[in-house]
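User: I am new to this structure and would like to learn how to read it. Please take one feature after another, with the general idea before the case.

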Amino acid sequence: MAALIGHAVDFQDYLPSLKQTLGPEGFLVELCNGFRLLMDADKGLITFESLKRNILVLGLQDIRDDELVSMLIEGDLDGDGAINQMEFCILMLRLSPGLMDESKQ
């Protein structure tokens, strides 16, 4: 993610193998589970507050608030300041080089 520029991140793209293992339907279920893990239960959206609250689950406790805002901006396609389930799925697919290569083929 753009918010992680300047951080030493060893990124390994597991999404293509996850999709292959689970199949398309199972893969979508797992994406939805990831969304639910990060979302604000009352709003049904990933907000700055819900992302900050769940940051430990992601192992990103050192991320600054401005970096969290950048992550939200990157995924927020409708400009409402939060990420809905569809935006989350689009973001995850966009951030997976393996899935993007697969879709180009």
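User: Where does Phe-35 lie, and is Phe-35 buried or exposed?

Analyst: Helices (H or I, at least four residues) and strands (E, at least two) are DSSP runs, numbered from the N terminus. Buried means under 20% relative accessible area, exposed over 50%, and partly exposed in between (1.4 Å probe, protein chains only). In this predicted model, Phe-35 lies in helix H1. Phe-35 counts as buried because its relative accessibility is 2%.

User: Which residues does Phe-35 touch, leaving out those up to four places away in sequence?

Analyst: A contact means heavy atoms within 4.5 Å. By that rule Phe-35 touches Gly-44, Leu-45, Ile-46, Ile-83, Asn-84, Gln-85 and Phe-88. Glu-87 is 52 residues from Phe-35 along the chain, and their C-alpha atoms are separated by 9.8 Å.

User: What should I know about numbering and cut-offs before going on?

Analyst: Residues are numbered from 1 along each chain as its sequence is written, and side-chain values use heavy atoms, with hydrogens and water left out. Since the model is predicted, local features need pLDDT of at least 70 and side-chain atom pairs count only at pLDDT 80 or more, while totals for chains, interfaces and linings use all residues.

User: What is pLDDT, and where is confidence lowest and highest in the protein?

Analyst: pLDDT is the predictor's confidence in each residue, from 0 to 100. The protein averages 79, and 72% of the residues score at least 70. Confidence is lowest in helix H6 (residues 97-104), with a mean of 53, and highest in helix H2 (residues 48-53), at 93. Residues 1-11 have a pLDDT below 50; this stretch has 14 contacts in the model beyond near neighbours in sequence.

User: How many helices and strands does the protein have?

Analyst: There are six helices and zero strands. Of the 105 residues, 31% count as buried.

User: How many residues are in the largest nonpolar core?

Analyst: A nonpolar core is a set of buried Ala, Val, Leu, Ile, Met, Phe, Trp, Tyr and Cys residues joined through side-chain atoms within 4.5 Å. The largest one here has 16 residues, and those with the most contacts inside it are Ile-46, Leu-51, Leu-68, Ile-83 and Phe-88. Helices H1, H4 (65-75) and H5 each supply at least two residues of this core.

User: Is Met-86 buried or exposed?

Analyst: Met-86 lies in helix H5 (residues 85-94). Met-86 counts as exposed because its relative accessibility is 57%. Met-86 and Cys-32 are 54 residues apart in sequence and 9.1 Å apart in space, C-alpha to C-alpha.
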